[in-house]
Amino acid sequence: MPERIQSVERAAAILRLLASGSRRLGVVELAQAMKLPKGTVHGILRTLQHVGFVEQDRSGGKYRLGATLLHLGNSYLDLNELRTRALNWSDSLATRSGESVRIGSLHEGKVLVVHHVFRPDDSLQVLEVGALLPPHASALGKVLLAFALEGDAILDDLELPPVTPHTHTTRRALLQDLKRVRTRNWSADVEELVPGEAGIAAPIHDDRGVVVGAIGISGAIERVCAQDRTPRPDLVATVRDAARSVSRNLGARSW
């Protein structure tokens with residue numbers, strides 16, 4: 001049986017450490033966790049940084065996972081497969097909620113709509129498959145930002161233009177919103193993307209537990225929200241049920 005390559009194992013261990021906990025660690029912290037000399041860890045980090053697997057803070061301090069890993073992770077699950085596995089559940093969600101349904105995935109700092117189900121009525125609607133949405137202003141995008149492995153790296157380069165008067169345009173406000181998303185496992189936008197409309201979204205997990213997409217509904221604020229402008233609990237539950245069903249179809253554990 002071939003011998004394992006120690007340097008590769010150590011590099012993999014560093015990536016696992018950066019993917020857990022605070023996701024930002026310095027050389028000293030990594031060296032202590034791995035019980036290795038600082039010089040050894042620093043050399044591995046420099047190599048990982050060269051190939052784009054890790055990035056260093058602009059201040060030259062701690063390290064985090066690099067954007068290259070995001071692209072590698074996305075290639076693990078073909079977006080067509082995500083769409084195919086979600087077809088039945090997205091149709092059911094549109095029927096149950098009475099609203100349009102979109103499934104999205106992060107693509108170059110935007111939300112790529114990979115599937116769209118029309119609202120089940122006779123109104124005139126436009127197919128949005130292939131559209132790119134601003135992640136900071138959409139329920140789908142906030143779910144994807146909150147759970148992305150490279151969320152911090154994406155946020156550092158993310159512009160926050162005002163799409164509507166209700167859009168988060170400061171990093172602090174957006175980070176507070178993303179913290180809430182992680183806590184409750186769903187997100188909402190209330191007139192942040194389109195005036196008069198609201199959206200609800202939840203994450204889709206694969207068999208590794210990684211968030212590979214988001215599914216959500218959008219519609220008139222008076223239908224999606226209660227009088228206090230908060231999303232209706234029944235619609236939140238319906239969206240989360242759909243997300244869990246798609247996730248189970250991708251091999252995720254039950255929760």
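Me: Let me start with one residue. Where does Val-129 lie?

Reply: Val-129 lies in the loop between E4 and strand E5 (132-133). These labels come from DSSP runs: helices are H or I runs of at least four residues, strands are E runs of at least two, and numbering goes from the N terminus. Keep in mind that the model is predicted: local features need pLDDT of at least 70, side-chain atom pairs count only at pLDDT 80 or more, and totals for chains, interfaces and linings use all residues. Residues are numbered from 1 along each chain as its sequence is written, and side-chain values use heavy atoms, leaving out hydrogens and water.

Me: Is Val-129 buried, exposed or partly exposed?

Reply: We call a residue buried under 20% relative accessible area, exposed over 50%, and partly exposed in between (1.4 Å probe, protein chains only). Val-129 has 43% relative accessibility, so it counts as partly exposed.

Me: Which residues form a nonpolar patch on the surface?

Reply: Patches are built from residues with over 30% relative accessible area and no salt bridge; nonpolar side chains (Val, Leu, Ile, Met, Phe, Trp, Tyr) are joined within 5 Å, like charges within 9 Å. Here Phe-118, Leu-127 and Val-129 make up such a patch, with about 270 Å² of accessible area together. Areas come from the Shrake-Rupley method with a 1.4 Å probe, and for residues only the protein chains shown count as cover.

Me: How many bridges join E3 to E4?

Reply: There are 7, and the two strands run antiparallel; within them, Ile-103 has His-115 of E4 as its bridge partner. The E3-E4 hairpin has 2 residues between the strands, and Glu-108 takes a positive phi near 50° there. On the other pairing, E3 and E8 share 5 antiparallel bridges, with Gly-216 in E8 as the partner of Arg-102. E3 is mostly covered, with 7 of its 8 residues buried.

Me: Which residues of the largest nonpolar core touch the most other members?

Reply: In soluble globular proteins, nonpolar side chains tend to be buried together. A nonpolar core is a set of buried Ala, Val, Leu, Ile, Met, Phe, Trp, Tyr and Cys residues joined through side-chain atoms within 4.5 Å. The largest one here has 29 residues, and Ile-200, Ile-204 and Ile-215 touch the most other members. Elements that each supply at least two residues include helix H5 (79-97), strand E7 (197-205) and strand E8 (211-220). H10 gives the largest share, 6 residues. Apart from this core lies another, of 21 residues, among them Phe-147, Leu-158, Leu-160 and Val-211.

Me: Which residues does Ile-204 touch?

Reply: Contact means heavy atoms within 4.5 Å. Leaving out residues up to four places away in sequence, the neighbours of Ile-204 include Leu-82, Ile-103, Ile-215, Val-246 and Leu-250. Across the protein, 56% of contacts between residues at least 6 apart in sequence join residues at least 24 apart.

Me: Last topic: how many salt bridges are there?

Reply: Side chains of opposite charge can pair when their charged atoms come close. The rule is a side-chain nitrogen of Lys or Arg within 4 Å of a carboxyl oxygen of Asp or Glu, and the count comes to 13. One joins Glu-29 and Lys-62 (3.7 Å, N to O). Glu-29 is in helix H2 (residues 27-34) and Lys-62 in the loop between strand E1 (54-56) and strand E2 (63-65), so the pair ties together parts 33 residues apart in sequence.

Me: Is Asp-206 buried or exposed?

Reply: Asp-206 counts as buried, at 3% relative accessibility. Its salt bridge partner is Arg-208 (2.6 Å, N to O), which is partly exposed at 40%.

Key. Two strands pair if DSSP finds at least two bridges between them.
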